[in-house]
Amino acid sequence: MTRILLALFIGLVSTIALPAQAQEQEKRLALVIGNGAYAAGALPTAANDAGLVAQTLQAAGFDVVGARDLDGETLRRSFRDFVQKVQEAGPNTVAFVYLAGYGVQLTGENYFLPVDAKIARDIDVPVEGLRMSDYMRQLSALPVKANIVVLDAARANSFAKEGQPLAGGLALVEPDAKMLVAFNAAPGTIAPEGQPPYGAYAQALAEMIRAGGQPLPELFDRVRLRVSEMTKGAQIPWNAQKIDTPFMFFERQPDAPPTQVDASVRKKPIRDFDAKDAYAAALERDTLPGYEEFLQAFPNDPLAKRVRAIVAARREAITWRRTYRTDTPDAYWSYLDRYPRGPHAADARRRLAILSAALEPPPSFAPIDYDVPPPPPDELMYVDDRPVLYFDDPVYAFAPPPPAPVFFLPPPPPDFVVLPPPPPPAAVYVLPVPVFVPIPVYVRPPVYVAPPPNNIVFANIHNRTVINEVINNPNPTPAQLGALGTKFNGGAARPAIAPSLPLAAAQRANLVQPSPQGAGQPAPGTKFAPATPTSPQGAAPSAASPQALPSAGRQPLPQTTAPPATAAQPDAGTKASRVTSPPVAAPNAAGANAPAGMKGRPSPQTATAPATAAQPNATRPGASPSAAAPPTDTKLNRAAPAQQPSVARPADVPRAAGAPPSRNAPAAAALARPAPSVAPPAAHRPPPAAMRAPPPSVAARTVAPPPAAPRVAAPPPRMAAPPPAAPRMAAPPPAAAPRMAAPPPPRVAAPPPMAAHAQRMAAPPARPSAPAAHGPVCPGGKCAR
């Protein structure tokens with residue numbers, strides 16, 4: 001009885017624990033890098049390929065961090081942070097790494113190159129590149145479910161032009177436990193230059209992931225067939241894996257249409273096919289015994305020549321891998337005995353020099369036992385004296401292979417054959433975001449996949465409304481965003497469409513100075529931080545906008561737009577003007593429009609400035625807006641804010657109710673009306689000439705400005721041009737320091753005769769006063785408009 005009760009209790013506990021175990025969620029993490037902006041040779045599709053793969057992984061439930069065109073330091077930090085992220089995710093995690101760019105091999109190790117890599121000689125490779133085996137060992141040491149590393153980097157390059165040559169393509173590697181390693185081209189071979197917008201390998205990989213229902217080995221086998229078909233045999237990918245846990249990116253629902261692939265055909269002997277189907281079977285299996293079986297069954301077929309080149313590259317790669325792992329003088333002599341001029345002959349001699357051994361095989365040594373027989377003579381022509389092999393070499397003139405039969409490879413989806421190019425990236429380091437193609441409704445992520453945070457791509461892979469209005473819309477409206485069920489405006493974060501930047505790349509991007517280009521668009525490669533908005537043409541700058549740089553000696557920023565034509569502006573040279581707003585114009589030719597009697601004296605608007613420094617004058621219609629320049633008077637900038645009188649901007653001072661417009665003040669230098677409590681002391685008041693009206697010739701030009709001409713500052717009268725040595729006039733010349741320090745004593749001793757007039761201007765006059773003896777400034781009452 002006790003045993004029965006114990007069995008019932010164990011069964012009950014197992015029943016309760018089973019749903020909890022079945023609901024255990026699988027975390028999916030991915031790192032996607034697309035490096036294309038190399039100085040040694042740009043890659044036109046690398047960044048787009050990374051964006052396409054990243055978007056596909058997002059749809060499959062991966063939390064993707066991705067970037068493009070990373071330098072060495074940022075790339076290393078991004079790898080380190082990703083490894084730490086995978087470690088913290090727990091044992092039920094799948095990690096995916098995709099690298100598009102340039103990859104090179106040196107003495108059996110593969111290196112991925114950052115965009116700033118400078119490799120003039122072979123010895124620069126370990127210093128400038130990232131050795132992939134280091135990061136692959138770190139991932140394999142973590143207790144995770146699976147690791148997938150894809151290197152889309154076997155390309156022709158122009159690195160290491162000096163010193164010993166490098167072997168072409170990537171070196172054959174053996175994956176660790178729970179890891180799959182894939183190359184875009186077979187070891188020892190390179191892929192042809194991809195045609196924009198996407199490379200063949202990235203597009204085939206995205207297609208097969210989206211198809212769903214394929215285990216990892218079968219998925220990459222189909223990728224190989226598709227790439228060979230797309231490139232007409234010029235590119236043959238490779239992969240090897242030791243993952244013992246079943247994994248699928250997507251699952252096919254029971255109502256999905258049946259696939260045309262016959263799984264039983266994969267076990268059929270190659271000799272039982274005809275020559276064309278046999279070639280597809282050998283390529284789908286991609287093993288050295290499978291290719292040799294094809295050569296035995298069809299030695300005289302036109303495809304046999306292509307297969308011999310594949311076998312030659314694979315046999316040499318296996319031989320070198322075994323040699324490098326043994327790492328003894330006998331091993332390297334054994335390789336040189338088989339391939340005296342092979343792709344890795346220079347690598348063998350490098351290692352022999354390090355081991356202090358003879359660089360050439362001695363008469364007698366103990367050769368090692370390889371896993372493959374020596375190459376036959378007809379294979380040496382493909383690997384001797386040729387450090388790299390590419391299958392579209394016109395020297396070989398290989399016949400293009402036939403398309404794979406339907407029972408090996410179904411046709412691609414119609415909407416995934418020709419993909420439109422992605423829009424330009426939004427900011428520096430950010431991956432391009434391709435136009436998302438909806439995934440068939442019968443293909444879904446597994447239910448146990450943990451949804452990535454704030455990712456609408458994963459949640460709407462079938463929703464065409466969201467795909468068209470939000471995902472594929474660069475500027476969705478709040479209403480379209482609100483259709484998602486979340487309020488993304490009002491301070492909330494926008495839904496994630498592009499992969500998030502790695503932390504190292506985000507920190508690096510924040511250090512890049514924004515550089516506007518065109519109509520508010522940052523320049524590629526130099527943009528991330530938002531640019532400071534500028535006022536529109538003819539609008540006065542906002543009072544809240546900063547007027548001085550915090551770390552530039554408190555120099556005022558130049559004003560890029562002219563003030564409104566209807567607003568009365570203070571004289572650009574007066575102190576009130578310099579307190580409230582930055583200058584708007586640069587000095588023009590000295591002595592232009594100088595009033596009579598002003599020869600040898602400073603401009604009325606620049607009484608406190610040095611006599612030799614050209615100061616901007618009052619706003620004059622018709623002046624060229626391109627003459628804007630920073631002020632030259634820095635005395636105000638050195639003064640503390642508390643020392644400056646608080647003077648309202650003339651444009652902001654309202655006119656008293658019922659007060660007629662004044663006809664006495666010059667139209668080109670209308671002054672503000674400060675309150676008596678903030679009036680400047682007598683020591684700072686302008687000299688009598690500052691309050692004089694300009695001559696009639698000047699006033700006549702200021703009466704009716706052209707409608708399209710912006711108001712900018714007029715040049716000071718009879719002022720010298722700035723000295724060439726100080727074009728920005730950051731500080732006044734030393735000779736002008738006495739004038740900047742204090743005004744002349746006669747001007748300080750007694751107020752100017754026009755002081756009473758200035759006091760009358762402090763309050764709105766009851767009626768306009770009669771003009772001075774100089775005559776009317778604004779005839780016809782046009783100044784009041």
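## Ground rules and overall picture

This is a predicted model, where local features need pLDDT of at least 70, side-chain atom pairs count only at pLDDT 80 or more, and totals for chains, interfaces and linings use all residues. Residues are numbered from 1 along each chain as its sequence is written, and side-chain values use heavy atoms, with hydrogens and water left out.

The protein has 23 helices and 15 strands; these are DSSP runs (helices H or I, at least four residues; strands E, at least two), numbered from the N terminus. Of its 785 residues, 46% are buried, meaning under 20% relative accessible area with a 1.4 Å probe, protein chains only. Take contacts (heavy atoms within 4.5 Å) between residues at least 6 apart in sequence: 76% of them join residues at least 24 apart.

## Where to be careful

Mean pLDDT (the predictor's confidence in each residue, from 0 to 100) is 74, and 61% of residues reach 70 or more. Over residues 515-742 the pLDDT is below 50, although the model gives this stretch 329 contacts beyond near neighbours in sequence. Where pLDDT is low, the predicted coordinates should not be read in detail.

## H2 against H6

How do helix H2 (residues 46-59) and helix H6 (residues 200-211) pack? Their axes, lines fitted to C-alpha atoms over the stretch in contact, are 9 Å apart at an angle of about 10°. Angles run from 0 to 180 degrees between N-to-C directions, and H2 and H6 are therefore roughly parallel, the word for angles under 35 degrees.

On the H2 side you'll find Asp49, Leu52, Val53, Thr56 and Leu57, which meet Ala202, Gln203, Leu205, Ala206, Ile209 and Arg210 of H6. That contact divides into seven nonpolar residues, two polar and two charged. Here Ala, Val, Leu, Ile, Met, Phe, Trp, Tyr, Cys and Pro count as nonpolar, Asp, Glu, Lys and Arg as charged, and the others, Gly among them, as polar.

Helix H12 (residues 345-354) is mostly covered, with seven of its ten residues buried. Among them are Asp347, Arg350 and Arg351. The cover includes E4, helix H10 (302-326) and helix H11 (329-338). After H12 comes Ser356, with a positive phi near 55°.

Strand E4 also belongs to an open sheet of three strands, ordered E4-E5-E6 with antiparallel pairing. Strands pair if DSSP finds at least two bridges between them. E4 (103-106) and E6 (130-131) are the edge strands. Strand E5 (residues 109-112) pairs with E6 over two bridges, and Phe112 has Leu130 in E6 as its bridge partner.

Note on methods
Parallel < 35°, antiparallel > 145°, perpendicular 65-115°, else oblique. Buried < 20%, exposed > 50% of the residue type's maximum accessible area, 1.4 Å probe, protein only.
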